Amino acid sequence: MNMFKERLFHPISKISFIILLFIAPLFFSDSNIQLFIFWGINILLAQSINLLSGFSGQISLGHAAFYAIGAYTSATLMIHFGLSIFITIVIAAIFNAFVGFLLSIPARRVKEFYLAMMTLGFGFIIQEIVKEWSSVTGGVMGLSGIPSAKLGTLNFFGIQANMVMYYWLVLVIVIVTMWLLKNFVQSYMGRSFLAVHRSELSAESLGISPGSAKQLAYTLSASIAGIAGALYASQMAYIGSNSFDMMQSIGILIMGILGGFGTLIGPILGAAFLTFVPNKLQFIQDFQLMIYSLLLVISFLFIPNGFAGLLKIRTSLEKGNRINKSIKAIPLKNDGKLLNEKQSSFLKKSFSPILNVKEVVKDFGGLRALNDVTISLSKGQILGLIGPNGSGKSTLVNLISGVYPVSKGEIHFNGKDITNMATHSIARYGIIRTFQDPHNVPTMTVKENLLLGTHRLFKSSLLACTLNANHSLREEEQMLTRVTEIMELCDLTDYADELAGNLPYGMQRMVEVARAILAEPQLLLLDEPAAGLSEGELEELNRLIRYVKNQGIPVILIDHHMDFVTGLVDEILVLESGGVIYSGSVEGMQKDHHVIRAYLGVEHHA
Amino acid sequence: MIDFQFMLELIFMGICVGSVYSLIAHGFNITFWTTKVVNFAHGPFLMFCSMLILMFLSIGFPWIVAILLEMFSISIIGVILERVSVRPLVKSPTSMGWIVATLGVGLFLQALATKIWGAQALAFPAFIFESTDYVPILGISMSLQYLLVLGTGLGIMLIMELVMKKTIWGKAMKAVSFDPDLASVMGIKSKSVVTISFILSALLAGVAGLLIAPIYGNVAPDFGMNIMVLGFVAAVLGGMGSSKGALIGGMTLGVIEKLVGGYISTSAEHGVAFAILILILAIKPEGLFGIKAVQKV
Amino acid sequence: MNKRYSKIVCGGLLLSVFMVIGTACSSSGNQVDGDPSETIKIGMTSALTGPYSEYGEGNKRGVELAIQKWNDDGGINGKTIEVEILDDQLVPDTAAINLQQLLDDEEIVAIIGPAGSGPAMATVPITEANGMIHINPVAQTPEITYPNGTDHGPRKNVFSFALQNDVESEVLGSFAGEKWNKIGLIHESTAYGKTGMDLVEGVLEDKFSIEAVAREEYNQKAPDMTAQLAKLKKAGAEVIVCVGLGADLANIRKGMSRLDMNIPLVATNGALSLPYKEGAGDLVVGTIGTMIGVFGDDPLSPEAEEFAEAYSEAYGKDRYWGDRDNPQLFMSLSVSNGYDAANVLFEAIKNADSTESSKIIEAMENIQNLNGVNASYSFSETKHHAIDIEHIGLFEYVKEGDEIILVPYEK
């Protein structure tokens with residue numbers, strides 16, 4: 001952060017900027033007021049696609065469809081029922097949210113370019129419906145006579161609205177939307193969007209359901225676009241189906257990409273670019289499409305984070321700043337206790353097996369990766385899992401965590417049958433895992449990544465998060481306290497605000513393990529956590545795992561470092577070609593000649 | 001009583017129109033095999049090819065020279081596309097990069113064509129067959145222009161199936177698609193295989209441009225986009241990456257479109273293709289003949 | 001990126017944003033080109049670039065030729081004419097923004113509107129509310145001028161020089177109804193196509209009590225229309241009447257030949273455009289189309305002759321002109337309509353001897369029998385469109401030796 005930017009984002013400059021925006025139209029000509037209104041509408045559109053594509057990673061090539069639905073909903077309600085614009089905007093937003101929800105049902109099942117195709121198709125279908133359903137939409141003739149401020153036909157509470165008043169309406173809506181969006185993306189829900197964007201699998205392993213996250217993203221994004229559409233209809237006084245074609249969808253995408261996906265300031269800049277540049281620089285018109293298309297080609301290469309990236313603007317994804325400012329009631333406790341009392345005592349209570357894996361079989365095609373494996377694990381126990389490459393260690397972890405379905409056999413956890421449940425449901429039961437290569441979100445800071453770990457513990461509602469309700473802030477603060485504690489434990493405090501993707505490999509590993517611990521697991525699955533760690537880091541990891549064990553949390557640990565494993569585990573399981581060849585204590589294993597012949601003798605690491 | 005003649009007419013026309021979609025779907029498949037990338041500029045490629053042929057013809061070159069020059073030019077554009085919008089972006093965790101970048105190239109070609117040749121539709125002369133040439137089959141006249149496209153589509157499918165199953169080339173492509181780094185280790189020049197796949201795909205766009213433009217008689221700069229989207233539907237319906245799927249998917253789409261148009265409403269004809277797209281993606285994303293993608297951990 | 005560099009980039013970008021906003025704020029009509037008392041300024045927004053620039057660019061040429069002509073003759077009552085033309089690419093939003101910008105410029109006294117029904121519909125309410133005279137040169141939808149239908153009064157400020165849908169359909173419908181009984185209809189799924197065909201149906205019903213055997217529609221630039229044609233064929237149509245653009249008509253004509261439909265095709269002005277003639281090749285023979293007849297006259301009227309000379313001098317015999325010695329028929333819709341629109345507007349301003357909108361509108365309504373290229377123009381308080389049935393001719397493609405030419409249709 002440099003001085004300039006700090007000044008730019010200082011509350012005083014923010015407030016004066018907003019005041020400036022409020023009084024500006026009094027000095028503008030009508031055409032400039034109109035241009036600024038379009039900027040506002042474009043900001044909403046850009047934020048809408050930003051939420052969907054930028055945050056949750058779901059590409060949309062048919063976003064104009066939502067825009068259209070909002071516009072037509074509001075317009076027809078105003079024309080046929082004479083409803084006030086304030087009501088039609090709300091109805092447009094709600095109805096659009098519903099359409100977004102409906103689209104998410106098929107859309108959540110597909111990804112990547114299949115999704116691009118689906119949204120493209122969705123855009124075309126809506127355009128066809130608008131064209132053909134002429135009794136409501138005016139069909140190809142379009143819909144004229146929409147009450148509009150620029151024609152003097154729009155009323156605000158009985159008063160005839162002029163352009164300046166309409167500008168204020170748009171401005172208020174944009175500011176409120178921005179504020180709500182900011183609160184949202186800084187909440188655990190907003191963070192879960194980015195987690196799903198980076199890797200659905202890793203998000204699931206923390207108890208985030210990618211399906212629900214996407215559904216929420218579609219719903220919210222559609223509703224913002226709906227508001228934009230409603231405002232557009234009243235601004236134009238006339239809407240026709242041609243205004244919502246594929247080029248409009250691409251225009252919306254360009255605003256988001258150019259401005260910078262994943263930030264809140266970026267889309268504002270992107271919208272400004274597309275609103276002002278073609279109008280103010282008429283000579284560009286001739287090359288407009290060429291310039292836009294070239295921007296599309298090069299943006300991902302040269303300015304992957306858009307204007308916001310160039311300006312080094314990043315939107316923080318946690319409410320630390322906000323909390324430090326407003327709530328000072330709860331002081332930071334630094335007693336080194338990560339888990340709350342209730343849970344840890346609960347964990348220590350019983351010594352009966354918490355995990356039971358019964359005669360589990362896994363086939364890949366004709367290949368048997370795992371054959372008849374049975375494990376039982378009690379609280380506070382660490383089970384080491386070793387075996388040569390391809391012996392089925394990771395497969396076992398993937399089966400327990402629900403990444404692969406089981407071919408035969410059963411898995412019980414805490415007395416419940418979790419066989420073939422979805423990964424995120426299993427994670428919500430408390431089975432948290434790490435991956436062979438760190439699955440952090442590289443574009444999030446260490447602190448934010450760690451907060452992601454606490455996702456399953458959050459209970460605040462969507463409304464509480466977006467409105468910054470006091471109890472949701474307090475919840476966020478509690479989690480932040482835990483994050484601070486574990487950062488100290490792992491020597492990560494200095495890197496709290498560093499992007500996870502910029503950290504050295506070993507540290508990324510530590511972040512991932514710490515993140516898993518923050519999820520308050522009732523069973524921790526560590527898949528080769530020590531791979532690639534330095535001597536010092538190894539020591540730290542060792543400390544961390546012992547700490548977990550002391551909390552009474554059972555651990556399954558896969559690793560190749562013999563000394564590391566044998567120093568930690570209570571029991572050990574040796575796999576070879578999918579079958580168990582030894583199960584028991586470490587001492588016993590070292591004497592077992594099956595193991596010596598099959599594994600230790602051949603591939604002794606230490 | 002069903003008018004049998006009418007239905008047969010619709011079905012035959014559907015197959016003909018569908019063969020156009022298949023020809024485009026084949027173009028998507030080649031790059032999909034090597035990189036899992038689908039070129040969103042394929043439609044504009046096709047348009048650009050037609051425009052190039054027109055330009056070379058108007059300069060006074062004979063057909064064969066015009067076609068060769070066009071094929072050469074489009075191969076270069078294909079290589080540029082691969083270098084600029086695919087290679088640097090294909091490794092990123094989401095596919096948004098290459099989708100947007102290839103789409104950008106497509107829009108650029110469209111803008112460039114408008115700049116060079118104007119926005120008006122330009123007439124495209126007949127190639128090999130006139131639109132009046134037809135053969136009667138079961139009492140229905142089948143246009144030879146369409147049959148040519150159909151034959152080409154069928155031929156391409158056969159060649160592709162053969163190449164993919166029997167030749168070292170097919171194996172190399174499969175290996176690259178599975179894991180480019182591993183393929184490199186095995187001595188396959190992954191990068192060249194990918195580049196060549198883009199050249200082949202561009203050449204298919206060239207063939208499509210040459211065969212489809214005379215059917216419509218006109219080409220305008222936005223000619224490719226529309227038809228590309230229908231090609232997408234065909235490819236997805238048949239299953240991405242399957243040659244058989246491209247052929248059958250295209251024809252199925254064509255026939256459904258025409259039957260819906262003939263028996264329900266021609267205004268529903270346009271919407272039905274996209275309804276099929278969403279439906280098939282929601283229910284069976286791998287399409288009729290595609291292979292289910294396995295999630296790698 | 002180091003900090004200093006990012007500071008520079010940061011500052012630079014912010015600076016440019018402020019500059020844009022700055023120009024946004026400052027451009028409110030303070031650029032004075034010449035003495036306002038010595039000039040008369042009109043504003044125009046049209047599709048000058050982009051995929052639909054064909055009509056917009058043509059109109060611009062027409063308007064500029066008219067301005068050149070007037071200024072060469074000393075301007076309007078001694079004042080030079082200026083025009084500010086903005087590009088809307090046929091996008092309604094852009095057209096609305098452009099129009100507002102033109103209205104902000106206090107020197108501008110009249111508006112020449114955009115080249116398509118969508119942007120026209122998006123702009124006329126604004127000028128209507130403002131009261132400024134608005135000339136519609138191209139857009140064919142009658143609602144632009146007559147918002148409540150042609151049997152009701154026009155918008156006070158809008159004057160149309162376009163070949164209105166209702167006029168074209170009247171001619172088309174009357175011709176078809178007189179000659180055939182089993183009529184198949186097909187049209188594009190745009191405002192132009194739908195309203196046009198509704199009107200044709202109306203004419204057939206009212207005048208001849210004929211109900212069309214089938215009516216089909218297609219999307220502009222649809223790749224294939226055989227399902228529609230097959231249905232028309234099945235319905236037993238003896239003639240196909242089409243409302244659509246040239247390129248699509250070519251596709252339809254080819255589709256007809258593929259389905260072995262040897263029946264006549266009668267269509268709106270698109271049938272006489274170059275894309276149709278070139279696209280359908282030899283198949284065009286026998287196709288009949290409606291069009292403003294002026295460039296079909298031999299010899300050309302003096303006004304048309306003058307226009308043709310001015311055009312070929314300025315632009316040569318290009319695509320707008322067509323492939324023959326005389327301008328192609330289609331020029332009356334793409335260029336000479338803009339030329340006429342500007343000429344008549346200037347005449348009205350001259351007669352009004354004022355730049356006040358209400359006076360110009362009054363003068364416009366008083367224009368009677370003013371000879372232009374496309375027509376002889378007469379307006380009144382209730383009639384704000386110029387091109388009427390008597391200006392429309394039917395033309396047919398015939399083969400003359402090796403050449404295919406258009407000749408006035410003889411009944």
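Author: Pro136(B) has Ser141(B), in strand E3(B), as its bridge partner. Strands here are DSSP runs of E with at least two residues, helices are runs of H or I with at least four, and both are numbered from the N terminus. The model is predicted: local features need pLDDT of at least 70, side-chain atom pairs count only at pLDDT 80 or more, and totals for chains, interfaces and linings use all residues. Residues are numbered from 1 along each chain as its sequence is written, while chains are lettered from A and ligands numbered from 1 in the order in which they are written.

The bridge belongs to an antiparallel pairing of E2(B), residues 134-137, with E3(B), which runs over four bridges; strands pair if DSSP finds at least two bridges between them. Two residues lie between the strands of this hairpin, where Leu138(B) takes a positive phi near 50°.

The UniProt record, an unreviewed entry, places the feature "transmembrane region" at several spans of chain B, including 63-84 and 137-164. UniProt positions follow the numbering used here, feature names are shortened, and annotations may be inferred rather than shown by experiment. Residues 137-164 of chain B are 75% helix and 18% strand, with end C-alpha atoms 33 Å apart. Residues 63-84 of chain B are 100% helix and 0% strand, and there the end C-alpha atoms are 31 Å apart.

In all, 32 residues of chain B are in contact with 31 residues of chain C, contact being C-beta atoms, placed from the backbone, within 7 Å. On the chain B side, strand E3 (140-143) supplies at least two residues, as do helices H1 (4-35), H9 (223-238), H10 (243-264) and H11 (266-283). H1(B) gives the most, six residues. By type, this side of chain B has 13 nonpolar, 14 polar and five charged residues. Ala, Val, Leu, Ile, Met, Phe, Trp, Tyr, Cys and Pro count as nonpolar, Asp, Glu, Lys and Arg as charged, and the others, Gly among them, as polar.

Among contacts in chain C with a separation of 6 or more, 69% join residues 24 or more positions apart.

Of the 411 residues of chain C, 58% are buried. Buried means that 20 or more other C-beta atoms lie within 10 Å of a residue's own, exposed means 12 or fewer, and partly exposed is in between, with C-beta atoms placed from the backbone. Helix H7(C), residues 226-234, is largely enclosed by the rest of the structure, because eight of its nine residues are buried. Among them are Thr226(C), Gln228(C), Lys231(C) and Lys233(C). Gly236(C) follows H7(C) and has a positive phi, near 80°.

Terms used. Contact = placed C-beta atoms within 7 Å.
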